Structures are given as C-alpha cells and as structure tokens.
Amino acid sequence: MRSFKILSRLLILLLAVLLTGCASRKDLSRLTDSKSKPAETRFEFTRPEMGMAFHLTFYASDSITASNAANAAFAHVRQLNAIFSDYEDDSELTRLSKTAGQGRAVPVSEDLWRVLSQAQGFSRRSNGAFDVTVGPMVQQWRRARRQRALPPPDQLAVARGSVGWRKLELDANHRTASLIAPGMRLDLGAIAKGYALDAALAVLRSSGFSRAFVTCGGDMAAGDPPPGRKGWRVELAPLDPTNVPPAQFVVLANAGLATSGDLFQRVILNGVRYSHIVDPRTGLGLTDHSLVVVIAPDAAAADALATTVSVLGPEEGLKLIEATPGAAARILRQPADRMETRTSRRLGEFLETRTDGKH
Ligand code: AMP
Ligand code: MG
C-alpha cells in the first residue's frame, strides 16, 4: 500500500513535470530550439478544455500562424466537448441518452458516430469489458463517492438492466443510434479525451504543423517528431518506486499514449478501494489496483484500450494488446502488498535507446 502511495506521488510529479512546460507560460509562449532551423520554432499553448489543462506543442515558422492554428485546435476541442459531455444537459450525447427506451433510431453527428462505432468495436473485442453504456453504473459510483456508501443491491440490479453494449444499436447506412432499453445513459469518459487529442493534432496538421504533440492529463497524441529527433520523449512512472531512477522513457511519433488506473479517482468504502473504472458485469468499481499505460496508433485507441486492459486484468488485457497492431502496454499492479509489472512484447519498440535524444 505504501509503495503504491509513493508511486501515485511520483506519477503526479511526472505529470506535473510533463505539464509545467506549458502550464507556467502564457497562452502564447515561444521556445527556440537551438538545433532546429530558423523556420522551425517551438511553440506551446495551454488552455482548460474538457475540464482539464489541454496542451499543444508544435513547430512553426511564425507566432501569428502558430497562434491561429492553436486557436482553431482549441475551438475544435470545445466543439467536441459540447457533443461528448455527459455532464452537460444539452450535449448531443445527453440528448441521445434521453431517447433511451423510446424505440427511436436517432441520427447522430459525424464525430459522435465515429466515437460510438469505435467504442462498439472495443466492446466487441473485449467481450463487453469496455462499454460506453456504463453511464447508470458511473452515476451510482459518483453517488456512492458523495454519500460514502455502496449502492444497495436493488439499485445495482436496476443499473445492470440499463447497461450493456448490445443495447446500443448503430446503423451505419443511416448513421443512427438506438438505445433500446429504458434508463440507458452513455458515458464516453474512457475514449472521448483520446478522440479529442487526435482531433486537435489533425487540426494542427491541416494547418501545416505536423510536428506536434498534444496532451491532456495522462493522455497524449504525438504527430511527426520534432526536427532532428525520432519522436517525442515521454517519461513513464518508475517501475519500482522504492528504487527511483533509472527512469523509463518512450519515444512516440504518430502514436497515442493513455494512462488508466485508480490512482486519481477512487473511493474507499468499508475498507475496500473502488476505482472510477467500472466492471460492467458487477456494476461496481474495480478493486484491483492497477496503473495501465497503453501506446496505440492513435490516442482514441490508446484511451479505450487502457481502460479496457484495466477491466480485463493482465492476462486477458495483454492478449488484447498483442492482438492489436501497433499497440503496446505496461501494467503495474499491486496484488496484496507487492508490486507487479507486466509488459507487452512491443513495448521495447517504443522504449528510448541512447541515440533517440531529448525533444
Ligand atoms: P479512463 O480514465 O480513460 O480509464 O476512463 C474512465 C472513465 O470512463 C470513467 O470515469 C467513466 O466515465 C468511464 N468508464 C468507467 N468504466 C468504464 C468501462 N468499463 N467502459 C467504458 N467506460 C468506462
Ligand atoms: Mg480510457
């Protein structure tokens, strides 16, 4: 338990290190990279989006075009949040959830369609461990955290009746979604952030800035590498927190990375620690303490897979990662009082070698 506390502190520290480069600066900051050509200046921008600090780092030739591109990327993320948020009453997602049980096929926007179809793909591949219909269970979890009491069994049973990825029917020909059971509620908390990171990167790329790196919390999307580098260098939380450094770094180019676990959001009830990640089969938060890092070809996939692996556990989770082209994972778990580390075969391809250098 103690080592996990140290780990959580180190992780927070790591995130702080990752974020301070951006957070401490004004919106338009400019760092000249001594190794880059004059046309390639490094710019960093930070803004609160999706309830967290969203950071953009990219190389551009002048501050005005860089600033315009950053504004366009942030504006796009804001639009996506207005679609995906389950906190806002008038988001497209909330409006869709309100049609649950009405037997209606509801036309959805292109972005919502893409996220829902990707989500259903992960549900199918994980046999329902990943499930964006977990909304009613997540609501119960939030209430349990506020009231410091587990949901009573009858409420859990009601929630289970409104949860299940097969109860969300998508029609690709008409681009519609139907929520077939009453009381259903969609929750994109495990995939929307990754999707938004990819979308922000795409805006920067379409503005001509492909050497870009976008982060939000423990999730990130990397575009082309910084000038003269193989990729964007990211520090992973130390494997053994009682035996600090050597730190582990991964080098990312045109890939996403996401972190899932119960370090930041959890509730302790009757001495048991429940994660904010819910096992759709039980309706309860996970009690298996883990920290999962997934690298995938894009941030949406990394985000969804990190949550999925948390639910599946190391055996099934790593099988899924090995079967996903371009994916790699590291899983830290704490069964009883010891720390266990499991890694997928492909993780080595991303680990820094001495020639990769810093970004
Ligand atoms: P993440 O931090 O990416 O692992 O996502 C966790 C969030 O996803 C939670 O706060 C819930 O909103 C939602 N969620 C919880 N359990 C699941 C699940 N089994 N499948 C999909 N989304 C989930
Ligand atoms: Mg996730």
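Which residue with a positive phi follows α7? Select Gly 208: this residue comes after α7 and has a phi near 100 degrees.

Before going on, note that this is a predicted model, in which local features need pLDDT of at least 70, side-chain atom pairs count only at pLDDT 80 or more, and totals for chains, interfaces and linings use all residues. Residues are numbered from 1 along each chain as its sequence is written, chains are lettered from A and ligands numbered from 1 in the order in which they are written, and side-chain values use heavy atoms, with hydrogens and water left out.

**Stop 1: helix α7**

Now select residues 192-206, which form helix α7. Helices here are DSSP runs of H or I with at least four residues, strands are runs of E with at least two, and both are numbered from the N terminus. From first C-alpha to last, the 15 residues of α7 reach 21 Å, close to the 21 Å expected at 1.5 Å a residue; the expected span is 1.5 Å times one less than the number of residues. Helix α7 is largely enclosed by the rest of the structure because 11 of its 15 residues are buried. Buried means under 20% relative accessible area, exposed over 50%, and partly exposed in between, with a 1.4 Å probe and protein chains only. Among the buried ones are Lys 193, Tyr 195 and Leu 204. Show β3 (52-60), α2 (63-84) and α8 (299-312) too, which are among the elements covering them.

**Stop 2: Gln 140**

Move to helix α5 (residues 135-147) and pick Gln 140. Is Gln 140 buried or exposed? Its relative accessibility is 8%, so Gln 140 counts as buried. Look for a polar atom of its side chain, 2.8 Å from the backbone oxygen of Gln 155. Leaving out residues up to four places away in sequence, Gln 140 touches Pro 151, Gln 155, Leu 156 and Ala 159, where contact means heavy atoms within 4.5 Å.

**Stop 3: strand β10**

Finish at Phe 249, in strand β10 (residues 248-252). Beyond its neighbours within four places in sequence, Phe 249 is in contact with Arg 233, Val 234, Glu 235, Phe 350, Leu 351 and Glu 352.

Methods. Polar contact = N/O pair within 3.5 Å; in protein donor to acceptor, adjacent residues only side chain to side chain.
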